[in-house]
Structure formats: C-alpha cells, structure tokens
Amino acid sequence: MRRVRPGAAASHGGASPTLGSARAGGAPSRAAGEERALTSVAAGDAFESEKPADQPRLWHVTLSVSGGEAPLKEVRRGLEQLAHDHPFLLTSRYANDHAEIRYWEEARDLHDAAAVALRLWGEHRQTAKLPPWEIVGLEVIDRETYHQRIAEGYGPLPATPVGVHPF
C-alpha cells in the first residue's frame, strides 16, 4: 500500500488522474505537474490541549543592531533614553558600531513578541536619537526555555548588571 499526502494525486494502476476526477472521499485530484494550493494554520492557533492563545506569556528578547560607527557617548545616551522610554529593558551592551538589547516582553505568542521587537529600534530611533543602524539579529525565547538554558549552563547569561554597558 502506498501512502500519499492529503491533497496529493495518487496513481492507481499506472493511470494518471485528470483534473476533475474524484478520489476516495470525493475530493478532486490534480493533473500531473499542477501545483497544489497550500493551506496554513493561523499564527497563534492552539490545539485543544494547549494553553488558551489569548493568555499572555513572558518572552526573553535579544535584539542585535549594527551599522556605521557612531560616537560612544551618543550611543550610550541613546540607549539610556531607550531604557527610559521602554521600561522593560533589562540591559544593553554597546560599542561604536553595534549594540545588543535584552529585555522581557509580555505577548500572546512568539509572533507578537517578535513583531514588537522588530519595531522597537525603528520606532524609538527618532525620540531616543539612536544611531541609524539596522537590526541584524533577533532571538525570542519563552521564559521556560530561558531558565532551562541558564540552569544547564548555556545560553544568554542572566541580564546582570541591569543597565547600559559597553561590550
């Protein structure tokens, strides 16, 4: 017995099914070479056994940015202003051409936490007078994974000391 993915055409006795013919269950099959429409599950959809999708969770975010060189004093001042504007900011490390920002984000799912993280630098660039750097890295992990990594001795070090520090 040959197993076939749902939605894929099955060949019986060497005959190729044609568009419009029906397979078992009444679903039409595809002609050879015809693309199958992909379906997906919406972000945040939960299985019945999972936690409700509308319950917020904590996510540890590490955002890395880099670009052309900028005066260290200006980078530090900008990151300090960002920490003031974004009160959940834990720690920032910086050099004259890159920075790393770590903080906790409360969000419904990873997609929401990542979306907020990807907007953080751009939305605060004007108000905090941050350098015109681009985001070059993003890690978003749930609280359990963060604490598991720390307990096992790998992963990002705990965000101490809190604040803005040079690399």
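Predicted model: local features only at pLDDT ≥ 70, side-chain atom pairs only at ≥ 80, totals over all residues.

Trainee: In what order do the elements of the chain run from the N terminus on?

Mentor: The chain contains 3 helices and 5 strands. Read from the N terminus, these elements follow the order β-α-β-β-α-β-α-β.

Trainee: Among contacts between residues at least 6 apart in sequence, what percentage joins residues at least 24 apart?

Mentor: The chain has 167 residues, of which 29% are buried. Taking the contacts between residues at least 6 apart in sequence, the share that joins residues at least 24 apart is 64%.

Trainee: Are the axes of α1 and α2 roughly parallel or roughly perpendicular?

Mentor: Helix α1 covers residues 72–85 and helix α2 covers residues 110–128; their axes come within 10 Å and cross at roughly 110°. Angles of 65 to 115 degrees count as roughly perpendicular. The relation of α1 to α2 is therefore roughly perpendicular.

Trainee: Is the crossing of α1 and α2 left-handed or right-handed, and how do the residues of the contact divide?

Mentor: From α1, the residues Arg-77, Gly-78, Leu-79, Gln-81, Leu-82 and Asp-85 meet Leu-120, Trp-121, His-124, Thr-127 and Ala-128 of α2. The residues of this contact divide into 5 nonpolar, 4 polar and 2 charged. As for the hand of the crossing between α1 and α2, it is right-handed.

Trainee: Which element gives the largest share of the largest nonpolar core?

Mentor: This core has 24 residues, and those with the most contacts inside it are Leu-79, Leu-82, Ile-101, Tyr-103, Trp-121 and Trp-133. Two or more residues each are given by β1 (57–66), α1, β2 (89–94), β3 (98–107) and α2. In soluble globular proteins, nonpolar side chains tend to be buried together. The largest share here is 6 residues, and the element that gives them is α2.

Trainee: Which residues does Trp-121 touch, not counting residues up to four places away in sequence?

Mentor: Trp-121 is among the residues with the most contacts inside the largest nonpolar core, and Trp-121 is also one of the α2 residues that meet α1. Beyond four places in sequence, the residues that Trp-121 touches are Leu-63, Val-65, Leu-79, Ile-101, Leu-130, Pro-131, Trp-133 and Ile-135.

Trainee: Is Tyr-103 buried or exposed, and at what relative accessibility?

Mentor: Tyr-103 is placed in strand β3. Apart from neighbours within four places in sequence, Tyr-103 is in contact with Trp-59, His-60, Val-61, His-86, Phe-88, Leu-89, Leu-90, Val-116, Ala-117 and Leu-120. Because buried means under 20% relative accessible area, Tyr-103 counts as buried, at a relative accessibility of 0%.

Trainee: What is the C-alpha separation of Glu-74 and Leu-130?

Mentor: Glu-74 lies in helix α1 and counts as partly exposed, at 46% relative accessibility. Glu-74 and Leu-130 are 56 residues apart along the chain, and their C-alpha atoms are separated by 7.8 Å.

Trainee: How far apart in space are Gly-137 and Leu-63, C-alpha to C-alpha?

Mentor: Gly-137 is found in strand β4, residues 134–142. Beyond four places in sequence, Gly-137 touches Thr-62, Leu-63 and Ser-64. Gly-137 and Leu-63 are 74 residues apart in sequence, and their distance in space is 5.9 Å.

Notes:
Residues numbered from 1 in each chain as written. Heavy atoms only, no water. Axes fitted to C-alpha atoms, helices over the stretch in contact; angles between N-to-C directions. Helix = DSSP H or I, 4+ residues; strand = E, 2+ residues; numbered from the N terminus. Parallel < 35°, antiparallel > 145°, perpendicular 65-115°, else oblique. Left-handed = near helix turned anticlockwise from the far one by under 90°. Contact = heavy atoms within 4.5 Å. Nonpolar A, V, L, I, M, F, W, Y, C, P; charged D, E, K, R; others polar. Core = buried A, V, L, I, M, F, W, Y, C linked by side-chain atoms within 4.5 Å. Buried < 20%, exposed > 50% of the residue type's maximum accessible area, 1.4 Å probe, protein only.
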